[in-house]
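Biologist: Could you walk me through this one slowly, please?

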Amino acid sequence: MNYLRRNARNQPPFTFLEIFQPTKHQNSSLSTITLQNPDVNPNKEAIPANFSTHLVHPSNLTEKITTFQFCKSSEFYYIVSSNKMISRYVRAGDLDSAMRVFERMAVKTTVTWNSILAGYAKKPGKMREAHELFDKIPEPDCVSYNTMLVCYLHNKGVSSATKFFERMPVKDTASWNTMISGFAQNGKMERACELFREMPEKNSVSWSAMISGYIECGDLESAVKLFEAAPIRSIVVWTAMVTGFMKFGKIELAEKLFHDMPVKNLVTWNAMIAGYIENGRAEDGLKLFRTMIGSGVKPNPSSLSSVLLGCSNLCALQMGKQVHQLIYKSLLYNDTTAGTSLVSMYCKCGDLEDAQKLFLELPRKDIVTWNAMITGYAQHGAGQEALNLFDEMRHKGIRPDWITFVAVLSACNHAGLVDIGVQYFDSMARDYLIGAKPEHYICMVDLLGRAGRLVEAVDLIRKMPFKPHQAIFGTLLGACRIHKNLELAEYAAKNLLALDPSNAAGYVQLANVYAASSRWDCVSKVWRSMKENKVIKAPGYSWIEIKSVIHEFRSSDRVHPELASIHEKLIELEKKMKLAGYVPVLESALHDVGEEQKEKLLLWHSEKLAIAFGLLKVPAGIPIRVFKNLRVCGDCHRATMFISAIEKREIIVRDTTRFHHFQNGVCSCGGYW
């Protein structure tokens, strides 16, 4: 992985790396044990020194005892080492090798039988073989029965497992915990609760299984009550509650619990970091990750996936590169999950070139890795590259899943490959037995709608096998705005707002359609309706990363400390753009004011402010990367094409729809967006 190595080496020093020291190979002596003669009776008196027998000479007696001890010792070591070998093979998933060792053993202990039984229990579809083996165990113990109980849960379901549980002649706490976990994982919390009350003795695993079960079932209140009543609060229980609070958006309660925990492990840190990011607080997640590293806790693939998702959400490319460096220096260098997260991060942060290099050098790729790269090409408008990669994936024998087809349809959408997209959509069920999900229909409505085939898009919505949700009508409304189709826009908006009256995007999109047709009376009605329904429009903003610091801008921003120089740069650019033929797209200003005022409002749009700041701060030769929380407006799109030519700079803008690569006065979308 030369790219990983090169890219990591080129990064600035990173304090995270101090926790990763070079691996040292240490020599360790084997443990020794003393074996006593099993025939020795400690209650007998010691044999006198002058004791003799006419049957066996003392020297011969000693020799025979020593030989007996050696044989017993050798046999004992052979059984122990064979059992360990079986366990190693079972852990590695190599049941065939484990069976070969098992069959060679002349003497088998119950531990031996249990070890091989565990191998069958872990393999789906091996229920019959497991049962045959179980029936052959000479003296099954509680572990044997518990292993078989797990096998029933995995292969036959909770009902069959319950019958076996009731027939078990011996049960320990682990037996009860296994059944409680089985009920909890299947959403049967009432039955789990009954068993929990009945069990004679509870341990920390019992409480953890119940609390985790309630959280998974969405019953946070019961989980809290049980947590407060628990006499034993293991780290697993604390972590389960942190996860639960984060899952339900109760971030402050999760924070309090996290700080109150007597002991934290890596899973606990991961739960908090992932919780922050899932709740839209990626910046807090990245800060906590730094704290975790500083406290000496080493991250695992789950930690890095979360933090890289946080980098992607913030478009914090420099931070993402530092995490890349951390991965390279750690033992996770060849980990597929970590590599896939890096590919996804580079794509989402606008660095498609580095994503490509990394993807090519990953030693192992799974379906998630391929999906990440195909999606990256699609987001950047590289439709043909996405489809080529999809073909390559199939030729390598990797079967696509439903997420793959979302990426493929998205690629067709952004590239305007309408007929090809329709063919792929039809092939999902026909060739791959993949049923279309709402995400696929959203792509198809967008694909047809952008191409102006609005009637076909509406027909597809009406033929959907399930009730359309709000995103379907939101997508149709966006297409109507592009093609200025008032009638269908009103149809889409009516259905969208019927499903979700608080959907601000529905009002804004409809207002956009009216504004494009200069229907200012209708625009006013839309704004009034929003106010009456107490719907708040999320303010549009753009941001740019400069030297690992995120700078955020809002339209007509009055806060940024360098606003004066930014305005000066924009006024200078406006003059040059107009000389080059730029004409403002006034319909992008959704206000009923004069043309001069509209031009001024458009000039202070958030993406233009961010681009101007980038021109002032980003060295020549390095792309300027700007990100926006809404769709980029028509005027900003046109202006950025002119700016890229005038300033001779590559400007990459990511909005909610896709990436736009501006260079030499041309955008990668080709005006199709």
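Biologist: Is Leu-433 buried or exposed?

Modeller: Leu-433 is exposed, because its relative accessible area is 74% (buried means under 20% relative accessible area, exposed over 50%, and partly exposed in between, with a 1.4 Å probe and protein chains only). Before we go on, please keep in mind that this is a predicted model, in which local features need pLDDT of at least 70 and side-chain atom pairs count only at pLDDT 80 or more, while totals for chains, interfaces and linings use all residues. Residues are numbered from 1 along each chain as its sequence is written, and side-chain values use heavy atoms, with hydrogens and water left out.

Biologist: Okay, and where does Leu-433 lie?

Modeller: Leu-433 is found in the loop that runs between α23 (418-432) and α24 (438-450), where helices (H or I, at least four residues) and strands (E, at least two) are DSSP runs numbered from the N terminus. Its phi is positive, about 55°, although Leu-433 is not a glycine. As background, most residues other than glycine have a negative phi.

Biologist: What about Lys-484, what is its phi near?

Modeller: Lys-484 has a phi near 55°, which is again a positive value in a residue other than glycine. Lys-484 sits in the loop between α26 (470-483) and α27 (486-499), and it counts as partly exposed because its relative accessibility is 42%.

Biologist: Let me zoom out, how many helices and strands are there in the protein?

Modeller: The protein has 33 helices and six strands, and buried residues make up 48% of its 673 residues. Of the contacts in the protein with a separation of 6 or more, 63% are between residues 24 or more positions apart, where contact means heavy atoms within 4.5 Å.

Biologist: Now some helix pairs, at what angle do α3 and α4 pack?

Modeller: Helix α3 (residues 95-104) and helix α4 (residues 110-122) pack at about 160°, and their axes are 10 Å apart. Here the axes are lines fitted to C-alpha atoms over the stretch in contact, and angles run from 0 to 180 degrees between N-to-C directions. The two helices α3 and α4 are therefore roughly antiparallel to each other (under 35 degrees counts as roughly parallel, over 145 as roughly antiparallel, 65 to 115 as roughly perpendicular, and the rest as oblique).

Biologist: Which residues meet there, between α3 and α4?

Modeller: From α3, Leu-95, Ala-98, Met-99 and Phe-102 meet Thr-112, Trp-113, Ile-116, Gly-119 and Tyr-120 in α4. The residues of this contact of α3 with α4 divide into seven nonpolar, two polar and no charged, where Ala, Val, Leu, Ile, Met, Phe, Trp, Tyr, Cys and Pro count as nonpolar, Asp, Glu, Lys and Arg as charged, and the others, Gly among them, as polar.

Biologist: And how are α18 and α20 oriented, roughly parallel or roughly antiparallel?

Modeller: The axes of helix α18 (residues 336-348) and helix α20 (residues 367-379) cross at roughly 5° and come within 9 Å, and α18 and α20 are therefore roughly parallel to each other. The residues of the contact of α18 with α20 divide into five nonpolar, six polar and one charged.

Biologist: Which residues of α5 are buried?

Modeller: In helix α5 (residues 127-136), the buried residues are Met-127, Ala-130, Leu-133 and Phe-134. They cover an arc of only 130° around the axis, so they lie on the same side of α5, the arc being that of the directions from the helix axis to the C-beta atoms. Arg-128, Asp-135 and Lys-136 are exposed on the other side of α5, whereas the cover over the buried residues of α5 includes α3, α4, α6 (142-155) and α7 (158-167).

Biologist: Last topic, why does His-637 count as buried?

Modeller: His-637 counts as buried because its relative accessibility is 4%, and it lies in helix α33 (residues 634-647). Not counting residues up to four places away in sequence, His-637 touches Val-632, His-660, Phe-662, Cys-667, Cys-669 and Trp-673.

Biologist: And His-605, where does it lie?

Modeller: His-605 lies in the loop between α31 (595-603) and α32 (606-617), and it counts as buried because its relative accessibility is 14%. Leaving aside neighbours within four places in sequence, His-605 is in contact with Ser-555, Ser-588, Cys-633 and Cys-636.
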